[in-house]
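Hello,

Here is the structure we talked about, with notes on what was found in it. Please read the notes with the coordinates open.

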Amino acid sequence: MKEAGHVLDVLKKVKRLIQEDNSHEIKILSNQTIHQATLSQDPDNIIVAVLVYSIGKILERKHYRNMEGWDIFYNSLLKNLDAGTVCLANDDLSKCRISFGKIRASLNKIDGNLGTYIKDVFRKAEINKAFKIYEHGISSEKTAELLGVSLWDLSSYIGQSSISEAHISMSMPVKKRLKIAEDIFQ
Amino acid sequence: MKYVIFDTGPLISLTMNGLLPVLEKLKENFNGEFIITPSVKQEVIDRPMKIKKYKFEAIKIKNLVDRKILKYSSDFISNNVLEKETKKIMKLGNGVLRSQKNGEKISIIHEGEASCIAFARLCKCENVIIIDERSTRLLAESPQNLKKLIERKVHTKISMENSLASEFKEFKFIRSPELMFVAYKKNLIPLKKDKQTLDAILYSLKFKGAAISSKEIEEMKQLA
């Protein structure tokens with residue numbers, strides 16, 4: 001994993017913020033991880049970015065805590081976050097990945113709606129992080145590949161991005177580009 | 001021979017907006033070929049064909065291929081040759097920017113976009129690449145802006161290899177909105193020809209992924 005020290009620091013902060021029930025700060029932390037993930041494009045960094053953002057979203061939805069299976073998920077989250085952090089500190093990346101995988105796998109043990117809802121949070125977090133990486137200047141196809149999401153899903157998100165409105169995104173006068181289009185179809 | 005080379009994004013936004021019949025009419029009025037590369041085919045036909053949500057869209061695009069409205073790049077350049085050139089383009093494009101923090105290259109472009117550029121480079125004919133996403137266009141047309149954009153977002157200094165960036169200057173890019181602008185001007189859109197229609201089409205393409213600003217759309221409407 002690239003920048004493992006930074007990721008380790010993030011994971012420790014996340015654990016503390018979960019205990020403090022501070023979903024807002026967790027989401028801010030997820031933005032920091034995405035800056036890192038954009039530069040490194042390391043799949044493990046991206047997994048952590050998605051995980052951190054998802055945790056923020058899940059904790060924000062307080063009604064989840066009253067649903068059947070919450071304890072199973074929450075205990076698995078804390079346990080595997082701890083385990084993953086220890087493995088990363090010991091440079092054991094494969095075990096670290098297994099621990100993070102177990103957080104999502106725990107959802108399969110939950111009956112009822114909570115599992116489906118949280119799976120949906122993770123899926124949307126992947127698209128959200130892909131969108132964020134795109135906003136950071138990486139091509140849409142590259143980001144779709146990095147996050148394993150469909151470009152078809154990503155397209156509508158990209159369409160909502162205000163980044164296209166930025167002057168910096170305009171690389172050619174409108175007239176000039178239209179002329180290219182009209183010339184080829186003459 | 002002239003070629004219009006399609007990246008994935010424009011085909012997605014045209015399909016999702018029900019504009020493939022307009023593309024077909026444009027082809028009837030075009031003295032050349034509409035091309036898709038194997039990587040683009042993978043994203044617009046093969047993958048969505050396995051996703052229930054998008055299978056119908058994939059079938060619609062495949063129908064255009066079956067009817068030779070869209071042609072595979074392999075009809076003109078062998079996949080092996082294209083693949084080699086695509087790798088070269090990816091190496092060049094993904095070597096332009098580096099993080100000054102750790103010296104690592106920032107990988108910007110993907111095989112799909114690179115294969116379109118590779119075809120444009122190999123075809124030795126008049127061509128235009130249709131690409132809706134912003135990063136590849138910026139890399140070719142204004143790498144300095146791309147550098148600034150990434151620097152702002154990741155809060156890290158980025159260095160740029162100008163000699164590599166200059167390799168992309170020769171390519172011509174348009175987006176799906178310019179394509180539909182041409183169709184509008186040529187009366188190929190089966191709707192009342194007025195600014196409202198054009199406005200609606202351009203914004204719907206924007207909201208389905210075409211990187212175009214509202215300011216650009218307004219300017220296009222003035223020029224119509």
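Findings: sheet, helix and core

Strand E2 of chain B is joined to strand E3 (residues 70-72) of chain B by three bridges, and the two run parallel. Here helices (H or I, at least four residues) and strands (E, at least two) are DSSP runs, numbered from the N terminus; two strands pair if DSSP finds at least two bridges between them.

First, the conventions. The model is predicted, so local features need pLDDT of at least 70 and side-chain atom pairs count only at pLDDT 80 or more, while totals for chains, interfaces and linings use all residues. Residues are numbered from 1 along each chain as its sequence is written, and chains are lettered from A and ligands numbered from 1 in the order in which they are written.

The sheet. Five strands of chain B form an open sheet in the order E3-E2-E1-E5-E7, with parallel pairing. E3 and E7 (173-174) of chain B are at the edges with a single partner strand each, so one side of each has no neighbour in the sheet. Tyr3(B) has Glu33(B) as its bridge partner in E2(B), and Ile5(B) has Ile35(B). Five bridges join E1(B) to E5 (residues 126-130) of chain B, also parallel, and Lys2(B) is partnered there by Glu126(B). E5(B) and E7(B) pair in parallel over two bridges, with Ile130(B) opposite Ile174(B).

A residue is called buried if 20 or more other C-beta atoms lie within 10 Å of its own, exposed if 12 or fewer, and partly exposed in between, with C-beta atoms placed from the backbone. Four of the five residues of E1(B) are buried. In a regular strand the side chains alternate between the two faces of the sheet. In E2(B) (residues 33-36), Glu33(B) and Ile35(B) point one way, Phe34(B) and Ile36(B) point the other way, and all are buried.

Helix H8. H8(B) (residues 143-154) has twelve residues and reaches 16 Å from first C-alpha to last, close to the 16 Å expected at 1.5 Å a residue (the expected span is 1.5 Å times one less than the number of residues). Its buried residues are Pro143(B), Leu146(B), Lys147(B), Leu149(B), Ile150(B) and Val154(B). Seen down the axis of H8(B), they fall within an arc of 165°, so they line one face of the helix; the arc is that of the directions from the helix axis to the C-beta atoms. Just after H8(B), His155(B) takes a positive phi of about 55°.

The core. A nonpolar core is a set of buried Ala, Val, Leu, Ile, Met, Phe, Trp, Tyr and Cys residues joined through C-beta atoms within 7 Å. The largest has 121 residues, and those with the most contacts inside it are Val52(A), Ile5(B), Ile129(B) and Met180(B). Helix H3 (residues 43-60) of chain A gives the most to this core, with eleven residues.

Chain B overall. Chain B has twelve helices and seven strands. Of its 224 residues, 49% count as buried. Its C-alpha trace spans about 55 × 40 × 35 Å along the principal axes.

Regards
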